[in-house]
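Good morning, and thank you for making time for this presentation. Please have the sequence and the structure in view while I speak.

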Amino acid sequence: MFGDFQSWILILLGIGALGLKGYAFFDALRVPTQAFPAAGKWTKPIWLGILGVALLVEIALFPTPLFFVNLLGVVGAAVYLVDVRPAVRQYGGGRRNGNTHDGPYGPW
């Protein structure tokens, strides 16, 4: 019984890690290249490389969520989402391009 519970926890952790890494990678794809240096962060290719390798390791190589390399990928995705993403959004990253006065058909 405990083994089944532990298996479900590992599956849920794996799905959560995959979702976190996938969201971070596709969010980094949407951000303009110039926003990264403008925010004082590493360049877009570096972040796409980090997040892409983390996602690839999770999907193809080591789908075990508690594997050390997977944990490093989760840390990389978390750093991107908590530190880099808010900084690049101020410089035109994301959908709203930093403009909070957008109406349904563009800026007011």
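Predicted model: local features only at pLDDT ≥ 70, side-chain atom pairs only at ≥ 80, totals over all residues.

**A buried tyrosine and its surroundings**

Tyr-80 is buried, with a relative accessible area of 0%. By buried I mean under 20% relative accessible area, with exposed over 50% and partly exposed in between, using a 1.4 Å probe and protein chains only. Residues are numbered from 1 along each chain as its sequence is written, and side-chain values use heavy atoms, with hydrogens and water left out.

The protein has four helices and two strands, which run α-α-α-α-β-β from the N terminus. These elements are DSSP runs numbered from the N terminus, helices being H or I with at least four residues and strands E with at least two. Of the 108 residues, 33% count as buried.

Which residues does Tyr-80 touch, leaving out those up to four places away in sequence? They are Ala-24, Asp-27, Ala-28, Val-31, Phe-36, Trp-47, Leu-51, Arg-85 and Pro-86, where contact means heavy atoms within 4.5 Å.

Tyr-80 also belongs to the largest nonpolar core, which has 17 residues; Phe-36, Leu-51, Tyr-80 and Val-88 touch the most other members. H1, H2, H3 and H4 each supply at least two residues of this core, and H4 gives the most, with six. Such a core is a set of buried Ala, Val, Leu, Ile, Met, Phe, Trp, Tyr and Cys residues joined through side-chain atoms within 4.5 Å. In soluble globular proteins, nonpolar side chains tend to be buried together.

I turn now to the aromatic rings. Rings of Phe, Tyr and Trp (its six-membered ring) pair if their centres lie within 6.5 Å; planes under 30 degrees apart count as stacked, over 60 as edge-to-face and the rest as tilted. The count by this rule is three aromatic pairs. One of them joins Trp-42 and Trp-47, a tilted pair with 5.6 Å from centre to centre and 35 degrees between the planes. Trp-42 is exposed at a relative accessible area of 52%, whereas Trp-47 is buried at 6%. Trp-47 also pairs with Tyr-80: the ring centres are 5.8 Å apart and the planes lie at 55 degrees, so this pair too is tilted. That pair links distant parts of the chain, with Trp-47 in helix H3 (residues 44–61) and Tyr-80 in helix H4 (residues 68–89), 33 residues apart.

The side chains of Glu-58 and Lys-21 are joined by a polar contact of 3.0 Å. A polar contact is a pair of N or O atoms within 3.5 Å; within protein, one must be able to donate a hydrogen and the other to accept it, and residues adjacent in sequence count only if both atoms are side-chain atoms.

Lastly, Thr-33 lies in the loop between helix H1 (2–30) and helix H2 (35–38). Thr-33 is partly exposed, at 43% relative accessible area. The C-alpha atoms of Thr-33 and Gly-92 are separated by 9.8 Å, although these residues are 59 apart along the chain.
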